[in-house]
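Here are a few notes to read alongside the model.

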Amino acid sequence: MQFTSFLQDGHLTVALTGEIDHHCAKRYIQSIAAKIEAYVPAVCVLDFKEVSFVDSSGIAVVINALRSMTQIEGKLVLSGLGEQPMKVFRASGVDKLVQIKEAVS
Amino acid sequence: MKFENYMTLDFPSKSCNEAFARSAVACFAAQLDPTIEELGDIRTAVSEAVTNAIVHAYPDELGTVTLRCRILKGQTLDIVVKDKGVGIPNIEEARRPMFTTGGSDRSGMGFTIMESFMTDLQIMSVPGKGTTVHMRRKLQRRK
């Protein structure tokens with residue numbers, strides 16, 4: 001599991017990488033929650049540009065980040081989704097809960 | 001012989017084997033010349049089934065997960081993921097979207113994803129004996 005993050009103008013961007021499955025999901029969930037708790041951003045962007053695969057564990061990563069952002073009355077945005085992650089999020093209805101921008105068609 | 005090719009893998013229920021299992025099936029399925037989308041769907045469904053076995057079948061100890069793939073006539077990939085773990089007491093409940101007995105790192109969407117990404121899904125389980133997930137995916141014949 002590798003990720004980078006940066007804060008600019010109250011926007012926290014977390015850039016995820018690789019394949020997100022159950023093997024790494026818990027660490028992603030904890031790391032993202034810690035970043036949100038530390039920076040209390042108005043907006044958190046999960047950037048999936050470098051993510052090549054997600055399964056339903058990726059849904060849990062997004063739902064947990066959404067829960068953290070809702071608690072601080074902030075907004076969660078997903079960006080840079082490739083076809084496979086987008087299909088998983090559509091099949092599970094995540095696309096109806098969270099704003100998605102810059103999805104790769 | 002009703003099938004054209006097959007392979008079987010046995011591996012311990014370690015989470016690092018989730019990526020191995022879905023990659024192995026993708027390599028085996030490559031001989032059917034699937035589209036990138038079909039390959040993505042198969043990898044996702046295998047990941048869900050194998051993760052279920054790793055997380056739920058053997059909650060307190062390592063056990064063996066068996067993955068069997070067969071190529072059936074008519075461009076159909078047949079996949080079985082089998083464990084000898086605790087079993088599922090109520091399959092109907094387990095198939096319900098958002099239902100999970102796992103922690104907050106589980107979404108309860110595994111069976112929903114398997115159902116929507118594969119052509120056919122059957123689950124057989126006996127509490128105390130284990131679970132077998134049987135999936136099929138018919139692939140498009142490319143010109």
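Predicted model: local features only at pLDDT ≥ 70, side-chain atom pairs only at ≥ 80, totals over all residues.

How many residues does the contact take from chain B and from chain A? Residues are numbered from 1 along each chain as its sequence is written, with chains lettered from A and ligands numbered from 1 in the order in which they are written.

1. The contact takes 21 residues from chain B and 21 residues from chain A (C-beta atoms, placed from the backbone, within 7 Å). On the side of chain B that touches chain A, helices H1 (17-29), H2 (36-57) and H4 (110-117) of chain B each supply at least two residues; H2(B) gives the most, with eight residues. Helices here are DSSP runs of H or I, at least four residues, and strands are runs of E, at least two, numbered from the N terminus.

2. Now look at H4(B). Six of its eight residues are buried, so H4(B) is largely enclosed by the rest of the structure (buried: 20 or more other C-beta atoms, placed from the backbone, within 10 Å of a residue's own). Among them are Phe111(B), Ile113(B) and Phe117(B).

3. Chain B also has an open sheet of five strands, ordered S1-S2-S3-S5-S4, with antiparallel pairing (strands pair if DSSP finds at least two bridges between them). S1 (3-12) and S4 of chain B stand at the edges with a single partner strand each, so one side of each is left without a neighbour in the sheet.

4. S1(B) pairs with S2(B), residues 64-72, over nine antiparallel bridges. Thr8(B) stands opposite Arg68(B) in S2(B).

Key: Contact = placed C-beta atoms within 7 Å. Buried ≥ 20, exposed ≤ 12 C-beta atoms within 10 Å, placed from the backbone.
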